[in-house]
Structure formats: structure tokens, C-alpha cells
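Visitor: I have some questions about this model. Can we go through them one at a time?
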Amino acid sequence: MTDALQLRLDRVSTSMQQYDKAATDLRLRQTRTPAESQKSQRVADIKSKQAALRDLRNVEVVYVEVYGFYAKRAGDPGRAISKTCRRLTMKATDSADIVFDRALSAVREIYTAQPVASRKELPITEGDFKREQAVYSIAKGHRGTATGYHIDVQAASLKSIGDVFKGLQADGTLSQTDAKERLIRLNVSIYVAPNADESAEEIVDLATLSIAPTRRANGIKSSTRVSRSSVRPSSGSSGKRKRDTAVDREGNTSKKLASARPTYVSAFRPPPLPINRPPAYTAFKVRRVLCVADNTGVPSVVESSAEEDVLVGQGWQKFKGKSEPCEGWLGGGGSKYAFMGMYNGDPYALLQMAPLGSYAADDEGNARYLLDELKLLAIAQYFATTFHQRAEAYNVDLADVANIRFNHDGAFLGRLVNQWDLGFVPSPNEVDERLLIYDTFLATRLIRKADGYVEMKFSGAHETGKNTTPIGRVVDAFAHHVLVDSNYTCVLVDLQGFVRGKEVILFDPQAHTTDWATGPTGYWDKGKVEIDKFREEHKCNELCRRLGLVQAEKMPAVRTGPKTPPVARRTRGVQKSNPMAVRNLIAGISDDESLASDDDKDIEVDELLSSSPSSHVK
């Protein structure tokens, strides 16, 4: 092949490559025709709807049809903002408080969708769409009308929308058609702020409407109507009121409840399967170490001099790593082992430090870490107590939603009287069959899932809780309370626990603190950085507002200097007790039992996943 021919072939090859590149660039820049764009959009919409239907296929839902109204005076029957409505699809487990917020946003959308000329004729503006200016009611008839049954928002906000639906269905408020379709027709009436020259007596008293005494025991529907004139019975109705009903503990309505009678509850449990047969036990002589917090939140450590027997389950070592409890083995997390124990005839979970990778704690380190956890349990229970005190001061009844406490009652550290009872440490090639690895263990009461408890995770060690269930939103409000009650020096995180009905037992929390004289609460404590993160990420819910926590959030950020952050101006209903004196926490132990050293603070421990078989460890 001559040089001239080779040169021509190279030029042709180069030209072809340039052409291919130009054609590719042209295709990439080429815009679709309107018809092609519309077709692609329709396909995307169909796929989106199919995905939503797949998600809802196995989820119980409640539909909420929202209608918007506005009213000004007591005699105003209420006028529709528009003839249109919005339909919301909610999970039955979603909090009603979320539904109220979304319904208010839907009414705002109805308003903003009106032409500008039409909006100018209405006496409301976008600034009027606030929760404090909104009154919610259940619409009468098949279309939203201004008449309806007023909803006690304060009581309903603590329930799930599924529970609200069941209550309305049981009361006969919903029509048969709506009940069958799982549909709630919700009126949202926006009340306009009065002008200065208007008589206060003519204005609807929103405060009276929002806290009207309820006639029905389910705490959802109130005998108060949305407006004083618009809710009179129509000419075709008899105008008679329904008889009051009572509700038992299971939520069943009846005309009259039977008188309370003492009951006997059997403690018997059927024998378990052989693979989970109860373990044999070995008795160890120990001295117990207790920790309690006083009425200012200061923990005190008390060591008993009495020698007592604690039974430790045998054979748990051979089941280490199993995903399910077996004989003496309960479970293991990233930092601890949990195994069966007995004290005074009650079942206990006994915990000791697990190896952290290649690092294994010594007796002193194990005792220090477990004492940190016991002290934190006492502090956390203090905050749980003050949380209920705050609710009582603000006339908020939490008994129907969640009774929060920590698994602190009966918890203690056990220290062996005779360290020789541990036995000899096996060589690396030998199987470790010791019942206790260290001379100190943490003991907490055992909570069995077989007794009807369901494990739930509410927040992470570095993730702020954003729960949607009624109980979860109470826990979120509790976390906010800890921040405020501690004068912005502490947040409790990694909140998890067992739930049975309204009972919530939290366990194994972590904390981030700042400005505490005793230093960090443990190796998990990351200080002010995590506190500021919580303050930025926490979203207040209705319970936060009712407990005065939103107002308290107006306080300045916590200072890093020696001065105490200023206390918010007290208003009516605020707790009268002194704020927690966390800055003056006293360790209550000797120097060799102090909190973790600086070298120990940097140890990272994997969190126990919520699906772990043992919920007593991390």
C-alpha cells in the first residue's frame, strides 16, 4: 500500500469519527416535540401512580376530604372559599395532628388557586391560614357544608387518624357510605381577625371552641358546634340529641359501664419449646450498687454492704452470636452481651461489655462503662418524671396516649464478693465457658416480648426523631422537654423501648451534654455539637405547643461560658419547680470510678439495630 493511499484512508477514518461525534451531539441537543414530551409525562405519571398503589396495597388508609370556609362573626353561618375540595390519603397510623396540618395546607392551596380578583373579594388573606385561627369539624351530608360536628383538636391530635375514624364511626357521625369508603369529610373554617371597631361579643371565641368540654368519652367529637347559628338542626330533623355513651378500656361504647371489680391476673406461662428451655443457674454472691436521682436530677450512687445471691444463667457462652435468645443467651450488640439472670425470684437481663473489635475492656473499664449507663438511666427517669409533671401543669392528659418511663426501677450493678468466682481466663485456643467475664455486671428487669410488648425505635444516637405515630410524637415531645428542662445542656438520644398499649418502657439511652461539671456522661457523649444539631432538626408537634415548649424555644442558644443560660419568662401553667441543677452534678464515686477518660471518649461502638433479638443491649 502506497503512502498516498494510506494517507487517504486516515483522512476518511478521521472524517467518519468527526461525523459520528457531530451526530451524537445533535441527538443529545435535539429537543422532543410537544407530543413526545406529553407522552413521556403521561408515562411518568402512570408509573408514579402505580408505585403509590403498590405502597398502599398492604397499608390501611383513611381518606380525608377537605373543604375550606371562612367566618367572622358569631352569627355568620360560614361561607365557602371555593366549591372545590382536596382529598388526602393518609395511613391509619399517621397522627391526627399531621392530618390537621395537611388539611390546613390544602385549604390554603384552594384559596391560592382562586383568581386574584376572586381572592380580593374574600375577607381573608394567606396570613390567616394558621392553626390558632382554624376550627375543624366533621361535615354533614355528602358535600362539605358550613354545619358540622366540632372536633376537639387538642384531644384528637394525640390520637392516630385511624383511631379518630373508628371513634367517629362508632358514634354514628359518619354516614354508612363514608364509613364504607373510609372517608372523613373535614371542614376547615378560617376565622378572620376582627377590626378594632368591632364588638368583641360578636366575634367567635376560638379559645372556647378549641377547649370546649366534650360530651363523648372518646375525646374526639364535642357537643359544641362550629357556629352558634349554622349548626341548628334542619327542618327535616327532630333536633333530639343522642344519648351519651361510655367507652370501656378497649374502646367499646356502651350505654352504661359495669362497676369496677377486682380482677385476678395469672402469672402462668406455657412451657417454652425445648430449644428455648429455661437455663440452669449458678448462684454468685454480690454486693449491689444502686443509683437514684434527687428532685433536681443529681444522681447519687449507693453501694450496699449486704451480700446477696444473684443467679446467672448457664451455657450462654456457647450461643453467642445467635440471632434469637436461647437458654441463658439473650443477645449481643456492638458493645455488650446480655444473658439471663434471677434476683429475688424476678427475671433479669445481665449485661457486661463485649469486645470492641480487637480491644477487650478490663475489669475497671467494664465497671466504669456500666456505672455510666446506670447513672444515665437514673437521670433519664428523672426527665421522664418531670415530663409528666409538665403535662399535669399544662392540663395535658397523657394517660390516653403514652405513659413513658425508663427501665430504671430495680436496676443495679452487681459486684462479686469473691473475684475468684470468675474462674481462670482461658487461653486463645480454649473455649470460654465462664458465666461472668468481669467481676461487675449491670442488671435490669427483663422485658419479654411474649408478654405482649412490641419493640420500637424512636430516634438514633445521631438522628433526631421524626415520628408520625401518636406514641412516637409523644416521645419526640419528651426529647424536646429534656432539652428545655435541662436548661439546654442535655439531649437524650437513641430512644427506643417496648410498647404495650399505652405503656412505653424506654431502655439503654444515650445523652449529649455540655457545661456539666462532671464532664461527659459516657463515651457516647459528643457534647454541644449534637445538642445544636437536635435544636436545628427537631420539628415541634401539637404536643410541644400544648406543653409550652415552643415558647421556651425562644430562649437564646446555650452559652459555653460559666454563666447559666437565662430562664424563659414564666407564664400561667408553667411548672413551678426549679430547673434541673445539672450543672452541679456530683459524681458520688471515687476518682478511680470516675467517668471515662479522654482516651476512652474516642472509642466508637456500633449501634444495636432495632431488629436485634435482645433489646437490652447495644
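Visitor: What caps the N-terminal end of α3?

Guide: Ser95 does, with a side-chain oxygen 3.2 Å from the backbone nitrogen of Asp97. Helices are DSSP runs of H or I with at least four residues, strands are runs of E with at least two, and both are numbered from the N terminus. This is a predicted model: local features need pLDDT of at least 70, side-chain atom pairs count only at pLDDT 80 or more, and totals for chains, interfaces and linings use all residues. Residues are numbered from 1 along each chain as its sequence is written, and side-chain values use heavy atoms, with hydrogens and water left out.

Visitor: What should α3 span, and how far apart are its end C-alpha atoms?

Guide: Its 17 residues, 96-112, should span 24 Å at 1.5 Å a residue, and the end C-alpha atoms are 24 Å apart, which agrees. The expected span is 1.5 Å times one less than the number of residues.

Visitor: Which residues of α3 are buried?

Guide: They are Ala96, Asp97, Ile98, Val99, Phe100, Ala103, Leu104, Ala106, Val107, Ile110 and Tyr111. Buried means under 20% relative accessible area, exposed means over 50%, and partly exposed is in between, using a 1.4 Å probe and protein chains only.

Visitor: Asp97 is on that list. Which salt-bridge network is Asp97 in?

Guide: The network links Asp97, Asp101, Arg131, Arg473, Glu542 and Arg545. A salt bridge here is a side-chain nitrogen of Lys or Arg within 4 Å of a carboxyl oxygen of Asp or Glu.

Visitor: Where does Arg131 lie, and is Arg131 buried or exposed?

Guide: Arg131 lies in the loop between α4 (116-121) and β4 (134-139). At 17% relative accessibility, Arg131 counts as buried. Its side chain makes polar contacts with the side chains of Asp97 at 3.1 Å and Asp101 at 2.5 Å. A polar contact is a pair of N or O atoms within 3.5 Å; within protein, one must be able to donate a hydrogen and the other to accept it, and residues adjacent in sequence count only if both atoms are side-chain atoms.

Visitor: How many salt bridges are there in the whole structure?

Guide: A search finds 25. One of them pairs Arg86 with Glu109, the closest N and O atoms being 3.9 Å apart. Arg86 lies in strand β3 (residues 86-91) and Glu109 in helix α3, so the pair ties together parts that are 23 residues apart in sequence. Arg86 is partly exposed at 26%, and Glu109 is partly exposed at 45%.

Visitor: What about Arg405 and Glu503?

Guide: They form a salt bridge, with the closest N and O atoms 3.3 Å apart. Arg405 is in strand β16 (residues 403-406) and Glu503 in strand β22 (residues 503-506), so this pair ties together parts 98 residues apart in sequence.

Visitor: And Asp494 with Lys457?

Guide: Their side chains meet in a salt bridge at 2.5 Å, N to O. Asp494 is in the loop between β20 (490-493) and β21 (496-500), and Lys457 is in strand β19 (residues 454-457), 37 residues apart. Asp494 is buried at 0% relative accessibility, whereas Lys457 is partly exposed at 29%.

Visitor: Changing topic. How many residues are in the largest nonpolar core?

Guide: It has 88, and among those with the most contacts inside it are Phe387, Phe478 and Leu492. The largest share, 14 residues, comes from helix α9 (residues 363-393). Apart from it lies another core of 37 residues, including Ile98, Ala106, Val153 and Leu174. A nonpolar core is a set of buried Ala, Val, Leu, Ile, Met, Phe, Trp, Tyr and Cys residues joined through side-chain atoms within 4.5 Å.

Visitor: What is Phe478 in contact with?

Guide: Leaving aside neighbours within four places in sequence, its contacts include Ala380, Phe383, Phe387, Ile404 and Leu506. Contact means heavy atoms within 4.5 Å.

Visitor: How many residues of α10 are buried?

Guide: 16 of its 16, so to speak a mostly covered helix. The helix covers residues 470-485 and is followed by Asn487, whose phi is positive, near 60°.

Visitor: Last one. How many disulfides are there?

Guide: The search finds zero, a disulfide being a pair of cysteine sulfur atoms within 2.5 Å. Cys540 is in none, and the nearest cysteine sulfur, that of Cys544, is 4.3 Å away. Cys540 is partly exposed at 32%, whereas Cys490 is buried at 1%.
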